[in-house]
Amino acid sequence: MKIYIFKRLIIAGVTLLGMSMLIFVLMRLAPGNITDIIFESAGYVDEADRHRLEAELGIDKPVAVQYMVWLGNFVRGDLGKSYRYELPAWEVIKPRLPVTLELAVLALGFSVLLGVPTGVMSATRRGHPVDYVLRVFSLAGLSMPSFWLGMIVILLLVRSLGWIPSMTYVSPFENLGANLFQFLLPALAVGYRSSALIMRITRSAMLEVLREDYIRTAWAKGQRETQVVWRHAFKNASLPVITLIGIEFAFLIGGLIVTETVFNLPGVARYLVDAIQGRDYPIVQNLAMLIAVVVVTANLIVDLLYTWLDPRIKYGQA
Amino acid sequence: MAINAIEVAVPERHLQERTWRSALWLFVRQNPLGALGGVLMVLLVVAAIFADVLSTHNPVRTSAHVLVPPGSEFWLGTDNLGRDLWSRVVHGSRISLLVGIASTLVGAGVGGLIGLVSGYLGGKVDLIAQRLMDIMQALPILVLALVMAAALGPSLVNTIIAISVVIVPRAARLIRSSVLAIREFVYIESARAIGVSHQRVAFRHILPNTIGPFIVLVTAQLGGAILGEAALSYLGLGVPEPYPSWGRMLSIAAAEYAQKAPWLVIFPGLAISLAVFGTNLLGDALRDKLDPRLRGSS
Amino acid sequence: MIRFRPLWPLAAVMALIAVPLLPLAATSQAPKPGGVLVTSPLSATPSLSPHEESTIATVQQASPCFNNLVYYDPTKKQESVDTIIPELAEKWSWQDGHRNLVFLLRRDVKWHDGKPFTSADVKYTFDMVRAAPDAKGRLKVNPRKLWYENIEAIEAPDPYTVVFRLKKPQPALLPMLASGYSPVYPAHVPLAEFKNKCIGTGPFKLKENKPGEYVEYVKNPDYFVKGRPYLDGIKFVIIRDRSTQIAAVQSGQLDVAGSGWNRTNAEDAKKGAPKLVVMEADSNVNDNVLINFKKAPFSDRRVRRAIDLALDRKGYLVGPRQGAATFGGALLPKPAGVWGLPTAEVAKLPGMGDPTKQKAEARKLLAEAGFGPSNPLKFTLSTRALSIYVDTASWMVDQLQQVGIEATLEQIETGVWHPKMTRLEYQVALNLTGVGIDDPDAQLFENYRCGSQRNFSGYCSEEIDRLMVEQSQTLDRAKRLALVNEIDRKLQADGARPILGWGKQHWVAWPHVKGWALHENSIYNVSRRQDVWLDK
């Protein structure tokens, strides 16, 4: 097992390396660089000044050289400086992390809490009106764009109550109640969709497992329903569910970009878009790596859970 | 593949009277939700095909009638440039359907194949394929789309590529996990033991058994792809103006004029939601029908 | 004729005796000190250094920190050379036939870090922006170097006197120095610090700047204008989504909002919160069509005119501009503007007449140029990927279609927009131009002179260049206006840069906000906000 984990960690490292190259090359394929952006806000371009700036920032060198420089610094823990703010990259990223993390965790927690039980319930009551109601409810969540839901929620709130959640970020350490209040609606708007996905996959996986022989045996042996459903069936149905949760966590980041904009939350997801548009390479590079680390870790955990949940899968082959 | 599966799914006692009508009726009776989904999908397809007939105005023609509420002249009202919303919504179905179907087929096809091969063969192939999938998955869709939009300019093809890239690892992972579970089943082991070739095992025995999850995935992703297009267009990265796309319609006018002209927010959003709702309902129903392993359990 | 400017009363006195034109400022109540005002700027600012940027977002968020030598009186709606008031300069005078501009500085001014303000700071700042060979500072990006190219030398004979020596007479120098883009920087603070911080002499001191989130100021207790600012603080919260901005002001989270809004946005906000006060004014921001003179077939005057004629200005008014815009030539028309063409002439400009007739004429011109139904004119219409641009460009695609032109819309990512325009990498484009000060020198040289970096259409006419220099040196205002009108007429006849129209600005504020001034012929020179107060 230890060797297996070690192997997986090495592989995760290779994944991250590949990822960093991809982002690095893609960003540099896009036309324009930070000097264009600096001149953009000035409303004109002076080519001589621009080349001087490029040299100053070292982005006139070949991409391979730039990449090695970046990698070298990254390994030494130096994330570089934001081109736009001329501040250390980490200083710019750090305060935005908790915002996105809180939103993602709340949304995911909400979606699991809502998605798993309804999925199980829907599968065990297949064909029953409860099944239909739950499925329609969850499908509705899957069908509505979360940004649209956010727009509608804000529109309704301001029209009926003349009130909307705070547009400036409130730290949970400052005022936990206000903070949760502020995050509640965006988390619901994002989480509703994920919960629908989780509910569906739970339902479909449960349906498959419930017709397996060993479950029929368990029923036949007269075991209590909750025990059959949760201990036997759900444990085996949870494989695809966990895969999905792992994937969803990564995908949430994408959904958050729009939601963070609608609710004006200063998170990393929205900031990443700014940084890409602003060609702020160090920020894009480091943020993308950060997201990649989260995703790779999530996948690693999912893989490890696989082996735990399904002993039929052997370490060496996974 | 899908046609064969339907034939398998139809119970034998109906063989003699197996006409389209009765099969359809059976489907509707057994699956009212699926039927509703089917109706929504048919509406979507009809709207896309006959958009020119169904629309009452030229969808890009501007006029002095700006922000007119829904009424007899403009069924769903007009936007801030005086364009007829009904005609724009109808035409918008083309973009949604095109991007949805194209990106799902590309993504699920490529991803499914990778998942099948990597799950079945295991070993180094699996390792490399899974790392590739990790990298693809770790790349947030919008980052990719943004960079692509920057590099190549926002366009229909780029939108399709960006969305299918998201679907590939999802399809690969899901199919792989099904394959991993199925591979260990006794009948596969026996097939291998009596000397059936890898290809044959993979395509004759394992592939059909992954169809259930695959169909769920494809339909869920079709809806997801339509939503993805909407989100990308909402951020201004999808299909360029003035050609109508639902997501784009929500971004430009709706955001700004939401209070004065709520119809600009409501109708395009409703169109997206109904289209996705339809694919999801139909997908669920088809899944129940198509998955041979679920036969008899309803 | 402005040969010698008499002594000016102090800004404080001016503010008290001036007759306010805006409904908000029209109360005769005595201003109450205190309170923090929260508003939303156009967007996040790339830095707090106005000399290095060209966006209103920077001016809005940096102006409270700084002072100019002279500034435009916030209470006078129309900016002109007559509404310039003293700030760091107590008095000034033109000498030697508008060749020397002498400023006498205040002696009681301190920078926010406590260091005294002197003439060395002024010399440092303007040597830097004009990129003098011996300048002590060097701007990385210098968008307004052109404004100051007529300066020969800046002298500081003593700590409280500054002399600007000009190569040729240029009455427009004083208005340029009064612009929100011309604050005085401290010589002792490294330039790079203005990326995120701000040391100025202004009414507000920077409290906190969270890039992309908010910029917060507190009152400067040592401000040299006694009794100012009224506010204890001012906070600029960045809200990207327009509908979220509207909701935020309705719910009371913002006291005032409206940067970049159109009429419908303001009406929307008021509909939801009827107590809100709506303010409308001209803005001197125009929508203009860039037609690339360096690319065929746009070098053909008939093609340019056909495009100009096809764009029905009344349709532009109701659609893209939601019923709030004015029309004119190259300079903001009267009554809001000082230098525009006479109204009767404006009504005869291309696109202003009967749309059916104009479109028929456009088709005829296109046919003459060799384009018709079998051989339609096709081009890419580029615009910036911002809704305010894209809306207008979508409207244009449809208008052009109606004369048989097949235009495809291309949205250019906002960050590479100006670089693309500077390099003339487009065929036809829709652009927005905000005019820093309503003065022909500031606008004409930048946008129409041969080879200027911001002459995005590549237009070049020796005659126009000569006339531009001539008007710049003309001291008689009536003569100068006649020259400017002549230039404008020629530019319109050439289709140099067809102007669709000038948008208006629309703000909403809660009734307790007092003294939130707007200027009708520029949005850039009214953001000091030292006279704003809250009636709470």
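Q: How many residues does helix α11 (residues 387-401) of chain C have, and how far does it reach from its first C-alpha to its last?
A: In this predicted model, local features need pLDDT of at least 70 and side-chain atom pairs count only at pLDDT 80 or more, whereas totals for chains, interfaces and linings use all residues. Residues are numbered from 1 along each chain as its sequence is written, with chains lettered from A and ligands numbered from 1 in the order in which they are written. Helices are DSSP runs of H or I with at least four residues, numbered from the N terminus, and the expected span is 1.5 Å times one less than the number of residues. For α11(C) that expectation is 21 Å, and the helix, with 15 residues, comes close to it, reaching 21 Å.

Q: Is α11(C) mostly covered or uncovered?
A: A residue is buried if 20 or more other C-beta atoms, placed from the backbone, lie within 10 Å of its own. By that criterion 13 of the 15 residues of α11(C) are buried, and the helix is mostly covered.

Q: At what angle do helix α6 (residues 97-124) of chain A and α9(A) pack?
A: Axes are lines fitted to C-alpha atoms over the stretch in contact, and angles run from 0 to 180 degrees between N-to-C directions. The axes of α6(A) and α9(A) are 6 Å apart, and the angle is about 35°.

Q: Which residues does A:Val284 touch, not counting those up to four places away in sequence?
A: Contact requires C-beta atoms, placed from the backbone, within 7 Å. On that basis A:Val284 touches A:Ile23, A:Met27, A:Leu272, A:Ala275 and A:Ile276.

Key:
Two residues are in contact if their C-beta atoms, placed from the backbone, lie within 7 Å. Helices (H or I, at least four residues) and strands (E, at least two) are DSSP runs, numbered from the N terminus. A residue is buried if 20 or more other C-beta atoms lie within 10 Å of its own, exposed if 12 or fewer, and partly exposed in between; C-beta atoms are placed from the backbone.
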